[in-house]
Structures are given as C-alpha cells and as structure tokens.
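Please read the following report alongside the sequence and the coordinates. It covers selected elements of secondary structure, their packing and a few backbone features.

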Amino acid sequence: MQVIHTDNRPHYATVSRKILITFLVVSFLPLLVMTGSLLYQSHAFFHEKVKNQIEYLAKIHTLNIDAFLRERLNNIRFLAATRSYEELTDESGLRRILQRLQEEYGPVFSDLGIVDGNGRQIAYAGPFRLEGADYSQAPWFKEAMSNPDYVSDVFMGLRGLPHFIVAVRRQPRRGGRPWILRAAIDFRSFNDVVENLRIGKTGFAFILNRQGALQTETLADVKLAKASYMALFGRGGTGVREPVRFFERSDLTGIKSLYVTAPLKNGDWLMVLQQISADAFGDLRKTQGIALINLILGSVAIIASGVVLSRLVKARLLREDREKAMMNQQIVESGKMASLGELAAGIAHEINNPVAIMVEEAGWIGDLLEEETFQDSDNLAEFKRALKQINTQGIRCRDITQKLLSFARKSESRTSLVQIDQLIDEVVSLSTQHARYANVLIETRYAQDLPAIEVSQTEIQQVMMNLINNAMDAMAKTGGLIQIDASLDRDHIVIEVADTGPGIPETHLSRIFDPFYTTKPVGKGTGLGLSICYGIISRMGGRIQVKSAVGAGTTFTIHLPCAEAPPHQPGL
Amino acid sequence: MSKATVLLIDDETAFLEAMKRRLERREFHVETATGGMQGLELIEACGNRIEVVVLDVKMPGMDGIETLCEIKRKFPLVEVIMLTGHATVDSAIEGMKRGAFDYLMKPADIDGFTAKVLAAAEKRQAQEQKIVEARMKAITHRRA
C-alpha cells in the first residue's frame, strides 16, 4: 500500500559532496599544518645539530693540532736552551738526541740539524745525506732567521719528500751570527692526526696554508680546485682570524658539501672539515621521508574515511527521509481515516432514525393486516412478504450503520492482558469448519515467549476473524493456504496473515482500508471489514499494512506495541 | 386495563407516532414527548401513572443521559429504557451506570421492545410492592 517516493538523487549527491568536502578540509588542514611544522622543525633541528657537531669536532681537532705543533716547537726550544752549541754540533751527540726524541715521541722527528747564520747545515742527524746542505735560499731559513721560532709550511725540500720544519733561532752569548736548531717533522705522523678524523660516510678533514696548498693528504676524489681552497680563506687568502666558519657550497661537480673552517698556527693554516650535505643530513632526509609517507598514508585514510562517511550519511539521510515520508503518509492516512470516521458517524446517525421510522411504520402496517378486514384479501400473503422484506432490509441497514459506527466510534472497549498466540488459536478454531468446506488450510507459527499485551480481546478477535474470512473468500474457488505468523520485533508484536490467493491489483491496494471499498460482488460485502480493522489497530497504537501482488497472494501485517495500551486516538 | 403505562421521549415525531400506535395496539397506555424537559413535565403531570420511560439517547437540548439523571432524581421508581439510533457500547454503559433498566437499538423488533417494557414495568411494580410491604410492616410494628 505504501509507495514512498524519496529518491531525490541530485539532492543527496550534493549533500554527500558537501559532507565529503567539509570532512576533507577539516581533516587535511591540521594534517598539513602538522606535517609542515614537523618538516620545518626537523630541518631546523638537524641543521643545528649537524652544525654543532662538525663545529665541535673542528674545534677539538684544531686544539689538538695546535697542541701538537706547539709541543714539537717546545721540544726543539728546550733542546736549544739546555744544550750548548758544541754539544749540538757534535753529530754523534745530535744522533743520540734524535734517537732519544724518537724513543720518546715515535717517528715524529725525522731528523735534526744545526744551521749557521749563512744557511749552511753544520751538523746533521737523520736518514738523509744532508750534511753541509745549503739553506741560505730556502724560504723557511729566511723566516726562521727573522723569528725566534718558526714552523714552516709543508714542502718537499732537498729530500724530495713532504715535511715541514720546526726551527729555533739562537743568539750566541759571545756575539756573532745566530744559528738555528731545526727539526723536520715527519709528514706521515702529522698527517695521521688530521686524516684519522672521519665524519659520517663522507666527512674528512684537511689543512690548507695561505696559498691554498694542502698541508695534509686528503681523499683524492673530492679534492677541490685551488681557487676553491682560496675562497675558503675569504678575501684572497689574507689570513683567517674568525674562530670557526660554517657554510654549504657546491663543488665543481655540483655536489653540495658542508664546510667548517678553523684557523691554525696563528692563522697561517686553515683546518677544513668537509662532508657531503646528503650524508650530513641523512637523518633529516629519513625524518622527512617518514613525515611524507605519513602524510600520504594519512591522506589516503582521510579520503577513504571521507568517502565512506559521506556515503553512510547519504544512506542514513535517505533512510530517514523515507521513514519521514512513510510517517507523513501514515499521518495523511490517519487523517483521511479520521475524516471518513466522522463522516461515517454522521451518516450512521442520520440514516438510522429514518430507517427506524420506516421499519416501525411497516410494523404498523403488519399490525393492521392482522385485523379481520384484511384477512380475506387475496394479496394478504404478498403484503406480509413485502413487509417482512422491509423489516429485513431495515435490520440490514441497522447492521451496516452499526459497523460504520464501530469503525468511527470513540471506543470504550475494555482491555486486558492477552496472550496473542492463544487468541489467534481460538479464532482459527472458530474458522476451521468454514476453512474445511472452502478447501483452505490454516497454519500457525508463533515465536517463543511472546509477551502478553494489553489490548481489547474482542477487538483483536474481530480483526483476526475479518482477515481470515477475507483470505478464505479470496481463495473460495481455488482453495489454498493461510499462514499466520506471530513474532516479536523489538517492542512490537508482529502478526502476519498471508494467503496464497489471487492477490490484489495495485490500483486497489491504495484504497483497501477505505470504508465501503470492496471488490466483492454486490450484496456479498459491505466494504467495512478492513476499515474497522484499520480503526481498531490504529486505536491500539499499532499499524496494519498490506502487501500483495497479483498471482502471488496477499499478506496483511499488524504491528502491535507491547507496552501498555496507548491512549485512544480521538476521531477514530 | 393496559399492560403498562409507557412514556416515549424522542425528537423524531414520526417515530413516536408509529411506536405509540403499535404499543397501544398491544394494550399499552402510551404518552409521548419530543424532548427531555417536556417528558419530565409530563411525568409530573401524570402523577404516579408513568411506569416505564423509553428515552432516546441523542436529542437536541436536554439529551437522553441528562433526562435520565433528572428522572431518576425526581422519580426514582420510574424505570427507563434507553433507546439509541447509534448503539454505542459507551452510551449504553453510561445509561446503565446512571440507573437505566436496559437499552434498545433502533430499529427495534416490536416483540423484543414490548418484552423489555413489560420487564421494566414488572420491576417497577415489584419495587412498589416492596415499598407498600415495608410501609405496612412499619405501621404494624408501630401499632405493636
């Protein structure tokens, strides 16, 4: 009976789209802000961390190297101060001193020599043939003569091997030209101090002099051009006075590296720590990668949730709108039935009085016919038959108006606790005989533990009887099955009366509960039975519905509330 | 001598006339009134003669239930049968609660109608008899 039209697809699609967009905006905004903040914070944190780490290493190693050089210089200075010129120029004594130094410090000192004021080496102890060597033109000699002590850059010199000179100038007490005690520092020993410094996978250290020349060995595959080394000094190699500098720069191959520079040897040398940026910031890249993966996974989850949510909401809206439409339809139906009830009550009252008068007048004629005057009339029997017919039809009219009123009246039926399965059994037993003649089988099926409900027993019996009689009438020619089920659906008892009859065409379904609407032949039905059922069930706070299809039978479904009997609805 | 004196109260005069004729033919004495007020006046005017009142429930002005209450208040011995064109259970029960003897539905079968009127008249007479006996007993008791 209930055909609900709520399939307003464009509307639901718009609502669904708006919900999806709102959900995505609300969800994505904090996710993006959070991810952005995480990326920014991690970038700042890792930059600071890497910078601090490299700067710390640079400072530590600068101090170590400075201490190394100072110690070597102090070694030589001590020798020059504590040994006489004669002792030092005695080559056998000088060899012993070198041996002692090597025993004490390892192969740091590769040789020792005394150079007079003219640049001639007058005593030598070491593995090379440098006795009598002339250093008058060597840059280190000139520097050493003009300073009390001196540490040279690394150079090849006469021996053809990289080394640097530590020299102390002494002035004889008795006057004369000064002389120099010099020691060659083994390059390998010095280089180890620097080369052993490794940072991450690609970080290493090296030392440059003012001209940009490497003072230590470094990894050949990352060697920079001389110009780049010079640039590291800043302002054309005029010396570095800033304690530590940190910067990032691409080399000639385009690879970005981090550089930390620190001055050594009073700014004559520059300690450089170099590490490829990708290596230095590996942890940062990892963190950023995780953040991006989280963003992607979060986005996928949000989009999926949004789509599911919007679909669920759309389905819910659709269902609620359908329920609302159904409720509206029921309200309209109830209103229609209430109006019909009022109308029926009016008709019943207005018809009944004239019918009563007609019946009484007919009765009066009957009374008069009893007199002797009419006893001989040829038509007496016909008069009596006609009067009886008037009386019969009058009583029929009364019955019809009574039915109308029972549909329309404000019921004062007494309610009691009724066990619905027992009640149905009673009604079925009353109909059994009739069913047998009509070749109809009635089957019942009840759910376990059906609760007793507070209803008018006679009214429910009337409803059940009506539905069973209708089903039997529908199957009078063919016979068939009436299946009666009673079950519990949350707080309602559901009674279904299904038949295997010919079914009801859809055009009739919408009017089936209207008073006087009948498909039975004239004189066979008043069209009030289902109207009365409708009125009774509605007054009980329940509802009655019908489903039917031609050729597939008809099912009436009654929902009755299990709670206390609801207040009677006025107007029905 | 009539079987009983009946007062019919109904706003439908055609119905009153038909019923009056039929009841009189069956040897009842019948008075008629077209409203509750008129009926009450008639009962008063007839003294103690009205035994049974057949009263329509739905009437303009003073309706059947109100009239019943007034009759029972002023003339408690008069038996009332409610007559209704729309036999609702509640109006019938309402009438019975307020002291009506029984109720009938329109159109009524004349034999059923007269049977109920006679039963009401007998009840009325039995009550009168009880009252007379009670009075006699009281007088006898006083003399003793």
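This is a predicted model: local features need pLDDT of at least 70, side-chain atom pairs count only at pLDDT 80 or more; totals for chains, interfaces and linings use all residues.

Residues are numbered from 1 along each chain as its sequence is written, and chains are lettered from A and ligands numbered from 1 in the order in which they are written.

Chain A has 13 helices and 17 strands, where helices (H or I, at least four residues) and strands (E, at least two) are DSSP runs numbered from the N terminus. Of the 572 residues in chain A, 30% are buried; a residue is buried if 20 or more other C-beta atoms, placed from the backbone, lie within 10 Å of its own, exposed if 12 or fewer, and partly exposed in between.

Five strands of chain A form an open sheet in the order S6-S7-S10-S9-S8, with antiparallel pairing (two strands pair if DSSP finds at least two bridges between them). Strands S6 (198-199) and S8 (245-250) of chain A stand at the edges with a single partner strand each, so one side of each is left without a neighbour in the sheet. S8(A) runs antiparallel to S9 (residues 256-264) of chain A and is joined to S9(A) by six bridges, and Phe246(A) has Val260(A) in S9(A) as its bridge partner.

In chain B, the buried residues of helix H3 (residues 64-74) are Gly64(B), Thr67(B), Leu68(B) and Ile71(B). They lie on the same side of H3(B) because they cover an arc of only 105° around the axis, the arc being that of the directions from the helix axis to the C-beta atoms. The face of H3(B) turned away from this buried side carries the exposed residues Arg73(B) and Lys74(B).

Two non-glycine residues with positive phi lie in loops, as tabulated here.

| Residue | Phi | Loop |
|---|---|---|
| Glu27(B) | about 70° | between helix H1 (13-25) and strand S2 (29-33) of chain B |

Arg490(A) counts as exposed because it has 6 C-beta neighbours inside 10 Å, and Glu27(B) is exposed, with 11 other C-beta atoms within 10 Å. A further backbone feature is the cis peptide bond that joins Lys106(B) and Pro107(B), with omega about -15°; Pro107(B) has its place in the loop between strand S5 (102-105) and helix H5 (110-143) of chain B.
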